[in-house]
Amino acid sequence: MFYHSTQDNKKKVTSAEAIAQGISPDGGLFVPESFPQLEPATLENMLSMSYQERAKLIITQYLTDFSDEEIDDCVYSAYTKRKFEYKNPAPIASVKYNGLPLNLLELWHGPTCAFKDMALQILPHFLTKSLKKAVNGLDAVILVATSGDTGKAALEGFRDVDHTKIIVFYPESGVSAMQKHQMNTQEGENVYVCAIKGNFDDAQTAVKKIFTDKDTSEILKKNKMMFSSANSINWGRLLPQIVYYISAYCDMVNLGKIDLGDKINIAVPTGNFGNILAAYYAYEMGLPVNKFICASNSNNVLTDFINTGIYNKNRQFYTTISPSMDILVSSNLERLLYHMSGNNDEETKRYMELLKKDGTYAVSDSIRGKISSMFYGGFCDEENTKKAIRDLFLQRKYLCDTHTAVAVSVYADYAEKTGDTTPVVIASTASPYKFSKAVLESIGCDEMPISEFDMVEKLHELTDVNVPEPLSTLRGKPSRFSEVADKENMQAVVLEALHIQ
């Protein structure tokens with residue numbers, strides 16, 4: 001299995017090279033040259049497998065330059081009881097919302113209580129092995145822009161991992177208080193965290209620019225370092241996310257929700273398009289999917305794109321109660337455009353250049369038709385996000401976070417508009433305790449506590465829902481990082497954090 005860049009498919013690299021580099025030198029994203037196929041018999045055999053066994057089967061087909069022993073080590077080091085609350089790290093909770101049956105794929109039972117753990121607990125194992133195969137002798141500098149959850153999950157995953165350093169940038173006013181505290185209290189000798197004056201798109205744009213700056217890369221190379229990424233632009237981040245959709249399908253069969261071979265719908269709260277792209281990749285492998293429901297918050301650039309074929313980031317940016325989705329430049333959409341254009345790198349590159357130059361582009365009628373036939377785009381404002389949290393709790397005593405609530409609300413709208421009764425799997429992406437203030441407001445808390453951790457206690461008192469241990473133990477933990485930088489100075493921050501000139 002080889003990998004091509006979305007902006008230059010003449011070159012091909014191994015999986016180890018793709019993971020080590022993170023992003024292609026031409027600025028494109030790495031994609032597999034083909035998708036391994038899940039035969040019906042294989043899917044049937046997976047029904048009796050553990051999550052870890054399913055992960056190994058899928059990952060082996062993509063990382064063909066890794067040995068069985070290496071993949072075993074990656075999988076069984078990542079998905080352990082020590083790191084995840086349950087033996088199955090991605091369980092399904094079945095509830096009803098306004099009479100609609102929902103199957104919530106809970107992806108937040110890991111060490112940072114967000115879905116990013118599902119990929120970022122295994123990525124460091126992929127990367128350290130890839131470094132030995134592809135660039136022996138260089139240390140990896142993991143550069144991360146985060147809208148909230150990726151930062152902490154990446155910091156935790158790469159903490160004190162040999163031959164790696166990790167630097168995380170987050171928007172100063174664009175993450176929840178809990179997310180900020182999680183990042184700024186991070187332990188580890190190889191970690192660094194910095195807030196920026198700007199939003200996530202500013203951070204992401206600057207990180208991409210630093211990645212592709214030849215002078216900076218040369219400085220790192222002289223110091224025996226190279227850049228890599230823990231964002232979903234890295235293939236090693238995206239691959240593990242494919243696993244949990246296929247595993248969820250198997251669990252749906254085992255739970256009696258569907259018969260083997262039946263189609264499902266998949267609804268995902270989306271900002272950067274990585275999580276829902278992983279679901280699409282599972283479909284390309286043969287997973288029976290009827291519709292992908294792409295749920296946005298008030299930053300509804302993806303909703304408009306799916307409905308019109310025009311991507312336009314030139315619009316008001318909203319800071320919302322679902323901050324991990326406060327994004328106007330959805331990086332992983334580039335991969336979908338590449339596939340939908342018939343692997344046309346020139347066409348894909350043209351769209352990305354227009355986005356950089358004008359902030360907008362319009363895809364061909366062919367691409368628009370393919371996307372609209374498979375994807376439904378909808379969005380949810382603050383009021384309806386809170387309503388979904390409140391109704392789900394009052395009706396079923398099920399407490400969800402603000403991002404999951406966006407997906408629940410958009411899916412309910414979809415079901416009402418279309419009458420589609422295909423069983424749905426909804427990606428539940430974070431613990432409600434990561435967004436305690438917004439969740440408390442949603443369920444009608446009369447007296448709001450002042451501190452974040454008093455809010456956590458209040459939410460527990462009102463709902464009797466357990467507080468995850470990784471969050472409860474943060475109280476009183478001192479911050480290690482407090483730097484706030486201008487977005488124009490991020491490159492200087494990187495070099496200073498690495499102690500190089």
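Two strands pair if DSSP finds at least two bridges between them. Strands (E, at least two residues) and helices (H or I, at least four residues) are DSSP runs, numbered from the N terminus. Strand E1 (residues 3–5) and strand E2 (residues 8–13) run antiparallel and are joined by 2 bridges. The two form a hairpin, with 2 residues between them. Tyr3 stands opposite Val13 in E2.

This is a predicted model: local features need pLDDT of at least 70, side-chain atom pairs count only at pLDDT 80 or more, and totals for chains, interfaces and linings use all residues. Residues are numbered from 1 along each chain as its sequence is written, and side-chain values use heavy atoms, with hydrogens and water left out.

**The sheet and its helices**

An open sheet is built from 6 strands. Their order is E4-E5-E15-E10-E11-E14, and the pairing is mixed. Strands of a sheet pair through backbone hydrogen bonds, either parallel or antiparallel. Strand E4 (92–97) and strand E14 (375–379) stand at the edges with a single partner strand each, so one side of each has no neighbour in the sheet. On average, neighbouring strands are turned by 25° against each other, direction ignored. Axes here are lines fitted to C-alpha atoms, for helices over the stretch in contact; angles run from 0 to 180 degrees between N-to-C directions.

Strand E5 (residues 100–106) pairs with strand E15 (residues 424–428) in the parallel sense, over 4 bridges. Leu104 stands opposite Ile426 in E15.

Helix H12 (residues 274–284) packs on the sheet. It touches strand E10 (264–269), strand E11 (289–296), E14 and E15; contact means heavy atoms within 4.5 Å. The direction of H12 makes about 175° with that of E11. Helix H13 (residues 301–308) lies across E11 and E14, running at about 140° to E14.

**Pocket and cavities**

Spaces are found on a 1 Å grid over the protein atoms alone. A cavity is a set of points where a 1.4 Å probe fits but cannot get out; a pocket is an open set with protein on both sides within 12 Å along at least five of seven lines. Lining residues have an atom within 4 Å of a point. Grid points are joined across faces, edges and corners, and a volume is the space filled by probe spheres set on the points. The search of the whole structure finds 2 cavities of 30 Å³ or more.

| Space | Volume | Lining by class |
|---|---|---|
| Largest pocket | about 1000 Å³ | 16 nonpolar, 10 polar, 12 charged residues |
| Largest cavity | about 260 Å³ | 8 nonpolar, 14 polar, 2 charged residues |
| Second largest cavity | about 40 Å³ | 3 nonpolar, 2 polar, 1 charged residues |

Ala, Val, Leu, Ile, Met, Phe, Trp, Tyr, Cys and Pro count as nonpolar, Asp, Glu, Lys and Arg as charged, and the others, Gly among them, as polar.

The largest pocket is lined by 38 residues. Lys83, Gly110, Pro111, Cys113 and Pro470 lie nearest its centre. Helix H6 (123–134), helix H7 (149–158) and helix H21 (469–472) each give two or more residues to this lining. H7 gives the most, with 3 residues.

The largest cavity has 24 lining residues, with Phe115, Lys116, Gly271, Asn272 and Ser324 nearest its centre. Helix H11 (235–254) and H12 each give two or more residues to the lining. H12 gives the most, with 3 residues.

Ala145, Gln204, Val207, Lys208, Asn231 and Ile233 line the second largest cavity. Helix H9 (residues 200–211) provides the largest share, 3 residues.
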